[in-house]
Amino acid sequence: MTERVEIFEVGPRDGLQNEARLIPVEEKIALVDCLSLAGFRRIECASFVSPKWVPQMADSAAVLAGIARTPEVSYTALTPNLRGFEDALAAGADEVAIFGSASEGFSKANINATIAESLERFRPVAEAAVAAGVPLRGYVSCVVECPYDGVVAPDAVARVVAALRDMGCYEVSLGDTIGRATPESIVAMLDAVLQEMPAERLAGHYHDTGGLACDNVEASLGLGLRVFDAAVGGLGGCPYAPGAAGNVATEAVAERVASLGYEHGLNMDVVAEAAAMARRMRG
Ligand code: HMG
Ligand code: MG
């Protein structure tokens, strides 16, 4: 039987959050509606963060209210604190994510907290999600390199992964936030992380600044990972990671995993339509 790889579509969130032009809510809804027909199981389309920090995501509730939901799809949102969690639930998010960092510099720049403070802030969110039966995902940023602190030690990543696991995250997504990883540095990082969490509960979230994201996906497949975050059209970047390029393109990951014999279950005509739409949305 052909083995399955899941691509977790993050374009409407990670892809669009960094666009300078304020994209009208109708355009965001149209993108999510198109993606809903492509065969994804999970689409990240909202982020309940401070609108002062990320203005582009201020209309997240309107996006969730306006989309035509496909029952097979889980529509997910970032929630940095309890307020974000409550707003996400009220807006109808099916799943939420807390997002930490393996490096102090990025943690401070992105969420204005040390790593330890951020974990304390996530705890009530995690407790509320677990109590409400809402699936909780975790992110760790800067798993290989940080734009402020430089190279990040694999053990530092493993420690944050363990903390997110203990809070109840069913899956932790490992972010090469600035897209500087190589297959070698990804393998070294995963060797440490796999001591804390099995490959079935990890996802690769690779940005493509260095053009090696698909090679990093391939290296991760070799260590058992089967979920990868990607954005149609290679949209994105992070407002608090200067110089970082977009997420690896969904269509590139799909092509790579298919060439290696994995099934991704996506309708590539619909993905191509969404990618064209995403590219038109770019400033
Ligand atoms: P803070 O300034 O320390 O916190 O920000 P605060 O509690 O003092 O709040 C500041 C203001 O935000 C207040 O408003 C709050 O009410 C408001 P004011 O009194 O000044 O008018 N506020 C909120 N508003 C709406 N929704 C909320 C919320 N919380 C507070 N949930 C905070 C701390 C975490 C809020 C802020 O730093 C923040 O929002 N950061 C988000 C940054 C972000 O979204 N970055 C991009 C996502 S992460 C990423 O892209 C990486 C990833 O893709 C993986 C990878 O690639 O590595 C996931
Ligand atoms: Mg990202």
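The legends below describe close-up views of a predicted model. Local features were required to have pLDDT of at least 70 and side-chain atom pairs pLDDT 80 or more, while totals for chains, interfaces and linings use all residues. Residues are numbered from 1 along each chain as its sequence is written, and chains are lettered from A and ligands numbered from 1 in the order in which they are written.

**View 1. Helix α8 and its buried residues.** Helix α8 spans residues 183–193, and its buried residues are S185, I186, M189, L190 and V193. These residues lie on the same side of α8 because they cover an arc of only 130 degrees around the axis. A residue is buried if 20 or more other C-beta atoms lie within 10 Å of its own, exposed if 12 or fewer, and partly exposed in between, with C-beta atoms placed from the backbone. Helices (H or I, at least four residues) and strands (E, at least two) are DSSP runs, numbered from the N terminus. The arc is that of the directions from the helix axis to the C-beta atoms. E184 and D191 are exposed on the other side of α8. The cover over the buried residues of α8 includes α7 (154–167), β8 (171–176), β9 (202–206) and α9 (213–222); here, two residues are in contact if their C-beta atoms, placed from the backbone, lie within 7 Å.

**View 2. The packing of α4 with α6.** The axes of helix α4 (residues 82–91) and helix α6 (residues 115–132) come within 8 Å, crossing at roughly 30 degrees. α4 is therefore roughly parallel to α6. Axes are lines fitted to C-alpha atoms, for helices over the stretch in contact, and angles run from 0 to 180 degrees between N-to-C directions. Angles under 35 degrees count as roughly parallel, over 145 as roughly antiparallel, 65 to 115 as roughly perpendicular and the rest as oblique. The crossing of α4 and α6 is right-handed; a crossing is so named if the near helix is turned clockwise from the far one by less than a right angle, and left-handed if anticlockwise. From α4, L82, F85 and L89 meet P124, V125, A128, A129 and A132 of α6. This contact of α4 with α6 comprises eight nonpolar, no polar and no charged residues. Ala, Val, Leu, Ile, Met, Phe, Trp, Tyr, Cys and Pro count as nonpolar, Asp, Glu, Lys and Arg as charged, and the others, Gly among them, as polar.

**View 3. The packing of α2 with α11.** Helix α2 (residues 25–35) and helix α11 (residues 268–281) have axes that come within 9 Å and cross at roughly 165 degrees. This angle makes α2 roughly antiparallel to α11. The crossing of α2 with α11 is left-handed. E27, A30, L31, C34 and L35 in α2 meet V270, E273, A274, M277, A278 and M281 in α11. Nine nonpolar, no polar and two charged residues form the contact of α2 with α11.

View 4. T250, V253, A254, R256 and V257 are buried in helix α10 (residues 250–259). Their arc of only 165 degrees around the axis places them on the same side of α10. Elements covering these residues include β1 (6–9), α1 (11–15), α9, β10 (227–230) and α11. Just after α10, G261 adopts a positive phi of about 95 degrees.

**View 5. C142 in a loop.** C142 is located in the loop between β5 (136–141) and β6 (145–146). Although C142 is not a glycine, its phi is positive, about 55 degrees. C142 is buried, with 31 other C-beta atoms within 10 Å.
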